[in-house]
Amino acid sequence: MTEATHKIKSNKKPFHSDVLKIDATEETKKITAAIQENVYDVLNKQGAVVATSGGIDSSVTVALATRALGKERVLALCLPERDSRAESKSLADLVIENLGVESITENIGPVLDAFGCYQRRDEAVKRVFPEYTSDYKLKITLPQNLLETGRINVYSLTIESPDGEQKSKRLPPRELLQIIAATNHKQRTRKQFEYYHADRLNYVVLGTPNRLEYDQGFFVKGGDGLADFKPIAHLYKTQVYALAEYLEIPEEVLAQKPTTDTYSLSQTQEEFYFSLPYHEMDLVLWAHNHNINASEVAKKMGYTTEQIERVYADIEQKRRTTAYLHQHALLTEPVLEIA
Amino acid sequence: MNQTTMKSTTDSISRSIQNCIHQNFPRAKQQNYSMSADLFESGIIDSLGFLTIISFIEQHFNTTISDVDVVPENFASIKAMTGYVERKLNQR
């Protein structure tokens, strides 16, 4: 064994169910220091705007920003639209009220109407289900059998009639792309409002992705993927929950299942993208990032080696598919004067 | 069907699928990949691109691909897709 190999082996962290445990006090100190440094010293701004959806990630981010900058230098934005759940706004209000920060609610529905967001989406849905009308609900989902069979991530469209009857169909490429393109107006419109308020206040925009979302490309380029600083992008979702408890985020926010809150039919993030509960997905992602053998993970988590190998393959497939989302604009040749 | 006819059918299916891939995914033309190369792992197609191939196969070979068949064993490589299409055509 060479010295280098020995070093790698001895540095390999053992895999167990507690690998994601963090010291919430220390982590909070680290992140609040990073927020202060980046907002004031690096970006030379006076505060931060955080779009607050009522979900765990934005709740933790706005709480961290408040600790770092003070409540008078944080603006929480609520940006609901026609398909947002009513509970999301109540949860966001609860977080905002607890923190005592200023908040503004902008209903982005009229802007989305003007963009033709709903109309363009519905045109594509009608090509798949001609009976679809605006009083139907809809969602798009991935296959739910990742652990049982190797799968290819092919989206299906599910519609629900006003009397509750559901129908699902695999989406052809043209319709899938149109539905996604139209729906992406939502995240991009929200970002427009975030930057409007950031510009008028000389604030930064804080992004709210956790590590799972950031790593697996669960964001819209130029939409929720756009921010000046993403303070929790290094934290697995399990760790975000640990911070949420430490930061005393209301129980109601912690108790709800993570949703996309993007389509009218209720949909968890698992159905839309991850296909494993976040706490398991986090562990498998950690293990994959630390080169832990699938067989060791399988044994500790109660799965078969083949099942964990399928999740590893799915992680890699998503990284490949979404690599371009992370890419900055390409140049014909570098402009060396600009870092 | 004799062996020569079978071979020519297999070749024709493979060529049709490969043409579809080359027309829709420019990166494929630049890469030297074998018929059994994993098209996902090699980065030639992604899941969105894959939908294009499914639609092509359904239309070109006048067949329907059910959701349970959409697994890497049937679609990861041109060889796998060719075998899948052959099995579907033989079921008629």
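**Local backbone and helix packing**

Reply: B:N62 has a relative accessible area of 62% and is therefore exposed, since the threshold for that class is over 50%. The model is a predicted one. In chain B, this residue belongs to the loop that joins α3 (47-60) to α4 (72-75). Most residues other than glycine have a negative phi.

A:N202 lies in the loop between α7 (173-201) and β7 (204-205) of chain A. Its relative accessibility is 28%, so A:N202 counts as partly exposed.

The helix packing concerns chain A as well. There, helix α2 (residues 24-42) packs against helix α3 (residues 56-69) at an angle of about 70°, and the two axes are 9 Å apart. α2(A) is therefore roughly perpendicular to α3(A), a class that covers angles of 65 to 115 degrees. The crossing of α2(A) past α3(A) is right-handed. On the α2(A) side, the contact is formed by A:T28, A:I31, A:T32, A:I35, A:Q36, A:V39 and A:Y40; α3(A) contributes A:L64, A:A65, A:R67, A:A68 and A:L69. Sorted by class, the contact of α2(A) with α3(A) comprises eight nonpolar, three polar and one charged residues.

Technical notes. Residues are numbered from 1 along each chain as its sequence is written. Chains are lettered from A and ligands numbered from 1 in the order in which they are written. This is a predicted model: local features need pLDDT of at least 70, side-chain atom pairs count only at pLDDT 80 or more; totals for chains, interfaces and linings use all residues. Side-chain values use heavy atoms; hydrogens and water are left out. Axes are lines fitted to C-alpha atoms, for helices over the stretch in contact, and angles run from 0 to 180 degrees between N-to-C directions. Helices (H or I, at least four residues) and strands (E, at least two) are DSSP runs, numbered from the N terminus. Angles under 35 degrees count as roughly parallel, over 145 as roughly antiparallel, 65 to 115 as roughly perpendicular and the rest as oblique. A crossing is left-handed if the near helix is turned anticlockwise from the far one by less than a right angle, and right-handed if clockwise. Contact means heavy atoms within 4.5 Å. Ala, Val, Leu, Ile, Met, Phe, Trp, Tyr, Cys and Pro count as nonpolar, Asp, Glu, Lys and Arg as charged, and the others, Gly among them, as polar. Buried means under 20% relative accessible area, exposed over 50%, partly exposed in between (1.4 Å probe, protein chains only).
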